[in-house]
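Visitor: I would like to learn how to read aromatic rings in a structure. Could you take me through a case?

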Amino acid sequence: MTTRAMLHKGKQFGELVMFSHTLFSLPFAVISMVWAAGGWPSWWIMIWGLIALIGARNGANAFNRLADRKFDEQNPRTASRHLPQRLLGTREVIVFVIVNYLIFVIAAAMLNPLCMILSPVGILLITVYSYTKRFTWLSHLYLGFVIASAPIGAWFAVTGEFAFTPFVLGTIVMLWIAGFDVIYGTQDIEFDRKHGLWSIPSFFGLKIALWMAKAMHIIMLILLLFLYYFRDLSWMYLIGLGIAAILLMTEHGIIKPHQPRLMKIAAYNLNQVISMVIVACTLLDYFLIA
């Protein structure tokens, strides 16, 4: 395989797992690491922690594409994805999943014994997500739950111990992710009902689903405010929280399930900005203000 072909294949795998969406979990993992270490952790922890996060995320996303490939073929919104279009083969995606899970386990072992012991549990939890939509409308919260492992795992990577703060961060991430996943799921209400797939929008209907998404994001903001008091943070953190609140209000204000471009902005683009604003203001708070 030529260098050009390898780069093209790498680009396809990056698109398959939506690598750019790492911005949803990585910023909160960074915050968790800094708070756990009382500053920047060692390069060893940062590098292996990042490798572990990417390995777990890539493996889980690729497995999700494998598990959903039959539904993706039938859904007009997802029919252009790589597996339905045969741009990537099933076998090579399976190999990709296995390799990334192995990378995750090796990276976890390089961090500390607790991370190594918990790595198989992590693989099981993130893999199970791909089937939750077959039997429960709680699939959105489960997705948020597995992505919440990023800040929790980051804390474990630094300290090797359990603590209260990372679980608050994890809950914030869970509610945030679940909320905008509900928003994104409103595009597939009729498809999900027709094919027996469970989601909050298909089970409760559009209006109630959007109210539930709002409730999740309101609780998320309350927990972020709780961290302001609990960790004795500064006005810089509050600025980030305020901007995040405005962006979330904008997100909920532009929702139009039948306009894919707006839904992508609401469910993805704005949330990528939210995560970067929160991590930037939190780090400025820690290193420049506190």
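This is a predicted model: local features need pLDDT of at least 70, side-chain atom pairs count only at pLDDT 80 or more; totals for chains, interfaces and linings use all residues.

Visitor: How is the ring of Phe167 placed relative to that of Phe162?

Guide: Two rings whose planes are under 30 degrees apart count as stacked. The centres of the Phe162 and Phe167 rings are 6.4 Å apart and their planes meet at 5°, so this pair is stacked. Phe162 itself, at 56% relative accessibility, counts as exposed. By the pairing rule, the count for the model comes to 19 aromatic pairs.

Visitor: Which kind of pair do Phe226 and Phe230 form, and how are they separated along helix 12?

Guide: Phe226 and Phe230 are also a stacked pair, with 5.4 Å from centre to centre and 15° between the planes. Both belong to helix 12, which covers residues 206–230, and because they are 4 residues apart there, about one helical turn separates them. Phe226 is partly exposed, with a relative accessible area of 33%, and Phe230 is partly exposed as well, at 43%.

Visitor: Which residues form an aromatic cluster?

Guide: One such cluster is made up of Trp137, Trp198, Phe203 and Phe204.

Conventions
Residues are numbered from 1 along each chain as its sequence is written. Side-chain values use heavy atoms; hydrogens and water are left out. Rings of Phe, Tyr and Trp (its six-membered ring) pair if their centres lie within 6.5 Å; planes under 30 degrees apart count as stacked, over 60 as edge-to-face and the rest as tilted. Buried means under 20% relative accessible area, exposed over 50%, partly exposed in between (1.4 Å probe, protein chains only). Helices (H or I, at least four residues) and strands (E, at least two) are DSSP runs, numbered from the N terminus.
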